[in-house]
Amino acid sequence: MAIKIKFDSANKIQTPTFVLATRTGRKLGTIPAYNISFKDSLNACSELFFKVNKVDNGIEYAHWDKLKDFRLVWCKDWDIWFEIYVEIDNTKGLVKNVSAKSLGEAELSQINLYDIEINTEDDIARNDYKIPTVLYNPEHPEASLLHRIMEKAPHYHIDHVDSSIANIQRTFSFNNTSLYDALQDISEEIKCLFIINSGSDSKGHIDRKISVYDLESYCYDCGNREEFTIACPKCGSKNISSGYGKDTTIFISEQNLADNITYSTDTNSVKNCFKLEAGDDLMTATVRNCNPNGTDYIWHISDDTKEDMSKELVDKLNSYDDLYKY
């Protein structure tokens, strides 16, 4: 989510207005918050921290007893709802330390999925199975991945799904997995971004909705989807849609915006050989038959690795790669 920090005439940050509310969204009153800290995130929960005194300038906070765990806080300036967690600090008078998470991530993290099979053998064996499940199919909710997993959260609705990813078909199994973690798994597999919006509707009620955006570029002419800009590398068409976000053309380096840049490689995750396995022995054998090298292994030797090899070995590997691609 994106927030806008407001400044006064003296160029000082204006304190946002926080409103205490019940789980239903009924607003109880403003909160005299101080020591406010906020952490915003695009693909994770946003976090809020602040303190509240029971008595301030001789006046007791009217909703002190109602400020408790799992109540909601609405930020009027940002139109964001949060779920709060409260600790009482008695060392310096009565002070409540409040931490909060954006409502969507907080709620969906506590809703678990059990025995959910998507496009697996068990799923296909269902009596009511008709067509494969794709990411989003509003005309056939029984074949829509988002509809099937969001049945556990009927108070949420799907607001938008990019057309370039709506018909993607993948296999998933979710058991004892939170709904939020399931969305993250889908995001990683499909390379998409879930925006869980917990704002307000036109009547001021909590509007829980989810939007899904494609992180890769898409060619409308040939259907190619991968990371590219300007033109499709497959057909050369410029009739494309870029992935989520906007290229600001701002280059970040130590010379302009960034400071103390550190680059490291997760060496334990670097592999050059991958073994393919399908859902059963038959499909695994099919994969092996489709693989040009006749095995269920795929090899990739990087140029950096080849620098430490003999010229004869590099020539053999390059010859193998050319034949494999052909």
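Visitor: Which residue in S19 is the bridge partner of tyrosine 218?

Guide: In S19, tyrosine 218 has serine 241 as its bridge partner. Before we go on, please keep in mind that this is a predicted model, where local features need pLDDT of at least 70, side-chain atom pairs count only at pLDDT 80 or more, and totals for chains, interfaces and linings use all residues. Residues are numbered from 1 along each chain as its sequence is written, and side-chain values use heavy atoms, leaving out hydrogens and water.

Strand S17 covers residues 217-219 and pairs with S19 over 2 bridges, in the antiparallel sense. Strands here are DSSP runs (E, at least two residues), as are helices (H or I, at least four), and both are numbered from the N terminus; two strands pair if DSSP finds at least two bridges between them. In general, the strands of a sheet pair through backbone hydrogen bonds, parallel or antiparallel. The open sheet here has 3 strands in the order S18-S17-S19, with antiparallel pairing. Strand S18 (225-226) and strand S19 (240-241) are at the edges with a single partner strand each, so one side of each has no neighbour in the sheet.

Now for the aromatic rings. Rings of Phe, Tyr and Trp (its six-membered ring) pair if their centres lie within 6.5 Å, and planes under 30 degrees apart are stacked, over 60 edge-to-face, the rest tilted. That rule gives 10 aromatic pairs. One of them is edge-to-face, between phenylalanine 38 and phenylalanine 82, at 6.1 Å centre to centre and 85° between the planes. Phenylalanine 82 is buried, at 0% relative accessibility, whereas phenylalanine 38 is partly exposed at 23%. (Buried is under 20% relative accessible area, exposed over 50%, partly exposed in between, with a 1.4 Å probe and protein chains only.)

Because tyrosine 213 sits in strand S16 (residues 206-214) and tyrosine 244 in the loop between S19 and strand S20 (273-275), the pair ties together parts 31 residues apart in sequence. Tyrosine 213 is partly exposed at 23%, and tyrosine 244 is partly exposed at 37%.

Arginine 208 meets glutamate 107 at 2.8 Å, N to O. Here arginine 208 in strand S16 is linked to glutamate 107 in helix H1 (residues 103-108), 101 residues away. Arginine 208 is buried at 13%, and glutamate 107 is buried at 9%. Elsewhere, glutamate 189 and arginine 170 meet in a salt bridge at 3.3 Å, N to O. Glutamate 189 is partly exposed at 41%, and arginine 170 is partly exposed at 32%. Through shared partners, salt bridges join Arg23, Glu83, Glu107 and Arg208 into one network.

How values were computed: A salt bridge is a side-chain nitrogen of Lys or Arg within 4 Å of a carboxyl oxygen of Asp or Glu.
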